[in-house]
Each structure stands twice: as C-alpha cells, then as structure tokens.
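Here are some notes for a colleague opening this structure for the first time. Please read them with the model on screen.

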Amino acid sequence: MSFSQMHYQSTPLVLANVWDVTSAQAAQTAGYQALGTSSAAIADMLGYKDGEEIPFSVLQALVGRIRECVNLPLSVDMEAGYGEDTETVVRQAIQLAALGVVGINLEDSKVEQGARRLLDAKQFAARLSSIKSGLDAAKTPLFINARTDGFLLGEPDALNQTLARGRLYQQAGADGFFVPCATVPEDIQAIASAVDLPLNIMCMPGLPDFNQLAALGVKRISMGNFVHAALNRKLQQLLFSLRQQGAFDEIFADENP
C-alpha cells in the first residue's frame with residue numbers, strides 16, 4: 001500500500017511522529033504503518049527554537065540517517081518550506097525525496113521575530129500550487145500535507161477560516177489537510193465534510209479517541225511533539241530521583257528478576 005493510499009483506509013492512519021533514529025525504530029517495532037518527523041521535537045532535541053531555526057542541511061542529514069535505519073514510509077515536516085522562494089522549497093523537497101521521503105508538511109503560518117503569524121491564504125495557495133507544479137515537472141511525487149493554523153493560533157473565526165483555506169489549498173493541489181489544535185467534534189466533522197482532502201488531526205488534550213475521530217471523518221492522526229515532551233519529562237524525573245536517592249535502583253525496577 002502506498003503512503004497516499006494509507007489516507008483512504010477504513011480506519012485512520014495513525015502516524016508516529018519521531019525526532020531521531022531511536023524514536024523511529026521504536027515506532028517501527030511498535031507496528032506503526034508510517035512515520036512523520038516533528039519539527040518541534042527535532043528543534044528541542046538539537047537545542048533550537050521551533051520555527052525553521054534548524055539549518056536545512058542539518059534536517060536533511062537527520063532525515064537521511066533515519067531513512068538508513070528504518071524502512072517505514074517517512075513524511076517530513078518542512079514547516080513553512082525552509083526557503084523564501086518556491087524554487088528553493090522545491091529543490092529541497094526533491095533532495096528529501098531522493099533520500100526516500102514520501103511526503104512533506106507545509107504550513108500556512110510562519111515564526112518571525114519570535115511570534116507565529118498566519119500567512120495570506122491566497123498567497124499561500126499560490127505557493128502550494130507552484131511547489132506542486134515544480135515537483136510534478138521534476139517527476140517527484142510527494143504527498144503534500146497542507147497545514148492551517150487558525151485553531152493553533154486561537155483565531156476568533158478559526159472554523160470558517162479553516163474551511164475557506166482548506167478549499168483553497170485543495171484547489172492548489174494539496175493531497176492532505178492538516179488542522180492542528182482542532183478538538184471539538186462538531187468542528188472536526190464540519191472540516192471533514194467541507195474539504196475534500198484526507199483530514200489530519202493532531203494529538204491534543206481532550207481530543208476524541210481514534211474510533212470517534214474515524215466516525216467524524218478523520219483520515220490521519222498525528223502526535224506532534226507531545227510524545228517527545230512526555231519522554232523528556234520522565235527523563236527529568238528519573239534523573240532528579242537518582243540524584244535524590246543516591247542509588248541506581250530505580251533504573252532497574254522494571255527489569256525481570
């Protein structure tokens with residue numbers, strides 16, 4: 001089954017978001033169908049802030065290493081594209097595809113001077129269309145998951161903005177529609193019904209379970225950086241506990257006798 005076909009199954013594609021080889025291998029062992037990188041988790045792991053502070057060459061090298069060690073389909077979060085002009089974005093997407101990457105995320109917001117803001121919808125749609133055309137011209141098929149950030153940014157008219165942007169991005173050639181931070185069932189169902197693209201919803205507090213999301217029309221479920229953040233909290237707790245106890249017993253507490 002191709003990565004694209006995974007978005008049209010009877011049950012949603014649950015995508016494991018990873019940030020290094022270890023997390024990717026763990027997801028493969030756990031039986032996930034496909035992987036996606038988390039830009040926020042990778043940034044945190046490498047000591048950067050989220051928002052394209054990582055040099056693309058660093059991201060490319062990390063993706064290449066993951067691809068060498070794991071054989072699951074991999075989609076890469078390219079954030080806003082790692083380039084001002086579409087030619088740069090297309091060239092870098094082609095470089096990722098040459099590593100075996102099957103999909104990319106592109107988002108309609110950008111971090112500037114420490115603040116994230118929504119880009120103009122029509123301009124972003126035109127950018128998507130140009131990127132799609134560039135990839136087609138290079139005979140480089142990549143699943144383009146277009147992300148819109150109205151809910152993430154708490155826009156007052158987030159649902160209507162999302163519906164309008166989704167239709168625009170569909171016309172521009174997007175293959176999937178990603179709406180992080182949408183959690184209300186009625187909103188999710190409205191988006192799935194109005195935009196004729198596989199809908200991607202992200203892990204959030206209060207999000208309906210996978211079966212409920214499937215019934216609402218969701219086709220892809222991702223984790224963002226939340227698994228990475230949860231592991232970091234556990235690591236911090238463990239290291240603190242070891243220092244407080246003055247012993248390593250807790251490390252081995254779960255091992256079989």
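1. Which residue's side chain meets that of Glu68 in a salt bridge? The partner is Arg65, at 2.7 Å from N to O. Note at the outset that this is a predicted model. Glu68 and Arg65 are three residues apart in helix H3, so about one helical turn separates them. An α-helix has 3.6 residues a turn, so residues three or four places apart point the same way. Glu68 counts as exposed, because its relative accessibility is 60% and the cut-off is over 50%. Arg65 counts as partly exposed, at 44%.

2. Stay with H3. The helix has 14 residues, which at 1.5 Å a residue should span 20 Å.

3. Next, the loop between helix H2 (39–46) and helix H3 (56–69), where Tyr48 is found. Tyr48 is partly exposed, with a relative accessible area of 32%. Tyr48 belongs to a nonpolar patch on the surface, together with Met45, Leu46 and Val58. The accessible area of the four together is about 290 Å².

4. Now the salt bridges. How many does the structure hold? There are 10 salt bridges. Side chains of opposite charge can pair when their charged atoms come close. One of the bridges joins Glu107 and Arg147, whose closest N and O atoms are 3.2 Å apart. This pair links distant parts of the chain: Glu107 is in strand S5 and Arg147 in strand S8, 40 residues apart. Glu107 is buried, at 4% relative accessible area. Arg147 counts as buried too, at 11%. Both residues belong to a network of salt bridges that also links Asp50, Arg116 and Asp149.

5. Another bridge to check is Lys132 with Asp175, with the closest N and O atoms 3.4 Å apart. Here too the pair links distant parts of the chain. Lys132 sits in helix H5, and Asp175 in the loop between H6 and strand S9 (176–178). They are 43 residues apart.

6. On to the rings. A search of the whole structure finds four aromatic pairs. One of them is Phe3 with Phe143, with ring centres 5.6 Å apart and planes at 85°, so the pair is edge-to-face. Phe3 lies in the segment before strand S1 (13–14), while Phe143 is in strand S8 (residues 143–147). The pair therefore ties together parts that are 140 residues apart in sequence. Both of these residues are buried.

7. Phe124 and Tyr169 form an edge-to-face pair as well, at 4.9 Å centre to centre and 70° between the planes. Phe124 is in helix H5 (residues 121–137) and Tyr169 in helix H6 (residues 158–171), so the pair ties together parts 45 residues apart in sequence. Phe124 and Tyr169 are both buried. Ring pairs link these two residues and Phe177 into a cluster.

8. Is Ile104 buried or exposed? Ile104 is buried, with a relative accessible area of 0%. Its place is in strand S5 (residues 103–107). Leaving out residues up to four places away in sequence, Ile104 touches Ser75, Val76, Met78, Ala93, Leu96, Leu142, Phe143, Ile144 and Asn145. Phe143 in this list is also a member of the ring pair with Phe3.

9. Last, two backbone angles to look at. Most residues other than glycine have a negative phi. Tyr82 has a positive phi of about 55° although it is not a glycine. Tyr82 is found in the loop between S4 and H4, and is buried at 11% relative accessible area. Lys139 also has a positive phi, near 50°. Lys139 is found in the loop between H5 and S8, and counts as exposed at 73% relative accessibility.

Definitions and conventions
Residues numbered from 1 in each chain as written. Predicted model: local features only at pLDDT ≥ 70, side-chain atom pairs only at ≥ 80, totals over all residues. Heavy atoms only, no water. Patch = residues over 30% accessible without salt bridge, like charges linked within 9 Å, V, L, I, M, F, W, Y side chains within 5 Å. Areas by Shrake-Rupley, 256 points an atom, 1.4 Å probe, with all protein chains shown as cover. Helix = DSSP H or I, 4+ residues; strand = E, 2+ residues; numbered from the N terminus. Buried < 20%, exposed > 50% of the residue type's maximum accessible area, 1.4 Å probe, protein only. Phe/Tyr/Trp six-rings, centres within 6.5 Å; stacked < 30°, edge-to-face > 60°. Expected span 1.5 Å × (residues − 1). Contact = heavy atoms within 4.5 Å.
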